[in-house]
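I opened my notebook to look up salt bridges and a surface patch.

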Amino acid sequence: MSTAMKTPAAQSRGTLTDRVFGGSRSRKLAYLLVGLVVLVSAVRVISGEQALTSSSTFSAALLLAVPLVLVALGGLFSERAGVVNIGLEGMMVLGTWGAGYAGYQWGWGGALIGGAVFGAAGGLLHAIATVTFGVDHVVSGVAINILADGVVRFLSELVYTDNPAGGGVTQSPSLSSSPPSFSLPVLSSGPDLLGDLENKHWFLLSDLAGLLRGFTSGVGVLTVLAVLLVPLVYLLLWRTAFGLRLRSCGENPAAADSLGVPVYRLKYIAVVISGALAGLGGVFLVFIATIYREGQTGGRGFIGLAALIFGNWRPGGLAMGAGLFGFSDALQLRSRTAVVALFLLIAVLLLGVAIWQATRRKVTQAVVAAVFAVAALVGYLTIDELPEGLVSFTPHLITLLVLSLASQRLRMPKADGLVYRRGEH
């Protein structure tokens with residue numbers, strides 16, 4: 001019997017190839033993104049809806065996606081360490097209040113620190129309840145969501161009532177300074193070459209120009225931080241010893257503990273970081289409004305949690321989920337008629353899903369996808385403009401549709417949500 005073995009040189013070449021091209025999974029993802037851009041460009045040309053790929057739409061999508069990315073990254077730290085964090089919404093609420101309070105006194109820098117600290121405090125409370133006292137993770141998270149609303153109302157009444165700087169029981173005074181923003185010179189400002197190319201409405205080239213201009217014009221400091229955090233979190237959790245130990249706490253804490261990994265300490269660190277990142281998501285909302293307002297989060301903590309699950313508990317996937325919701329939400333804000341063009345895009349995507357499922361001999365899934373594809377095509381051909389109420393629900397509808405038809409194999413950390421006690425199995 002003979003066995004085929006790779007030589008060290010072949011193994012080295014394979015490793016180098018994976019490093020250069022990022023492995024087969026990354027290449028497939030890159031091809032998918034390129035194909036999606038080409039498809040959206042074709043739909044824009046066919047429908048004549050320029051808002052589909054306009055720089056204003058992409059700029060708004062980025063603004064709407066950033067807080068979701070920050071919250072989802074926070075959830076990633078917590079759940080990879082084995083602690084389910086339903087309380088992301090409450091930690092985000094605490095972050096908005098901390099940003100509003102510190103921002104009107106010390107400016108945007110103080111708002112960053114204040115929001116992160118208040119969010120981290122919520123994370124610390126969740127860690128104490130779940131890690132130390134063994135409270136059910138979901139129960140603790142729901143309690144934090146309820147508690148956060150009461151705490152911020154109490155603090156507002158305590159601090160802002162009769163405050164000479166303004167504010168009240170439902171809002172803070174305005175920030176004393178605005179965060180900086182920038183645009184790429186020549187390309188997105190000044191001569192604005194990307195803007196000129198976008199206005200020509202050429203196939204693909206103008207769409208790419210709109211995409212790049214939307215992501216490089218008037219970009220705030222927290223937006224840059226959120227974008228950089230996605231690859232940095234990946235490197236930290238998947239390419240460092242600290243990340244390996246933290247993830248082992250969410251997979252098999254007993255085995256990790258037996259190897260000397262400080263399970264309890266790492267769980268605390270992960271949940272506190274989770275709260276701080278959720279708090280930064282709240283800071284971003286305060287930066288946009290230049291003020292704290294009660295109810296400012298609007299359930300974005302829960303949407304960020306959904307983006308985390310959609311992304312299979314990985315940084316790149318959750319960024320794509322947040323981007324999907326941000327784009328659909330931005331489009332319905334920019335143009336009600338452009339939302340109808342999404343039906344054509346959905347029809348083509350679902351047709352592709354139907355063909356792919358058919359090649360895998362999954363007849364039921366293929367038929368369901370084909371039926372929805374036909375329904376979406378009929379909707380595009382027969383509907384001129386959607387009612388306002390349905391338009392506002394479009395982002396949620398698209399997100400639910402993609403989640404339900406996603407073919408990825410979702411796998412949460414094995415010990416996620418389990419109460420761990422040393423010596424117990």
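I take helices (H or I, at least four residues) and strands (E, at least two) as DSSP runs, numbered from the N terminus. I looked up V186 and found V186 in the loop between β1 (181–182) and α6 (193–199).

The model is predicted, so local features need pLDDT of at least 70, side-chain atom pairs count only at pLDDT 80 or more, and totals for chains, interfaces and linings use all residues. Residues are numbered from 1 along each chain as its sequence is written, and side-chain values use heavy atoms, without hydrogens and water.

Next I checked the salt bridges (a side-chain nitrogen of Lys or Arg within 4 Å of a carboxyl oxygen of Asp or Glu). I found six in the structure.

R44 pairs with D207, with the closest N and O atoms 2.9 Å apart. R44 sits in helix α2 (residues 23–47) and D207 in helix α7 (residues 205–216), 163 residues apart.

Are R44 and D207 buried or exposed? Both are buried. Buried means under 20% relative accessible area, exposed over 50%, and partly exposed in between (1.4 Å probe, protein chains only).

I then looked at E251. R80 meets E251 in a salt bridge at 3.9 Å, N to O. The pair links helix α3 (residues 55–80) with helix α9 (residues 241–251). R80 is buried because its relative accessible area is 7%. E251 has 24%, so E251 is partly exposed.

R411 also forms a salt bridge with E251, at 3.1 Å, N to O. R411 lies in the segment after α16 (388–405), so this pair ties together parts that are 160 residues apart in sequence. Shared partners join R80, E251 and R411 into one network.
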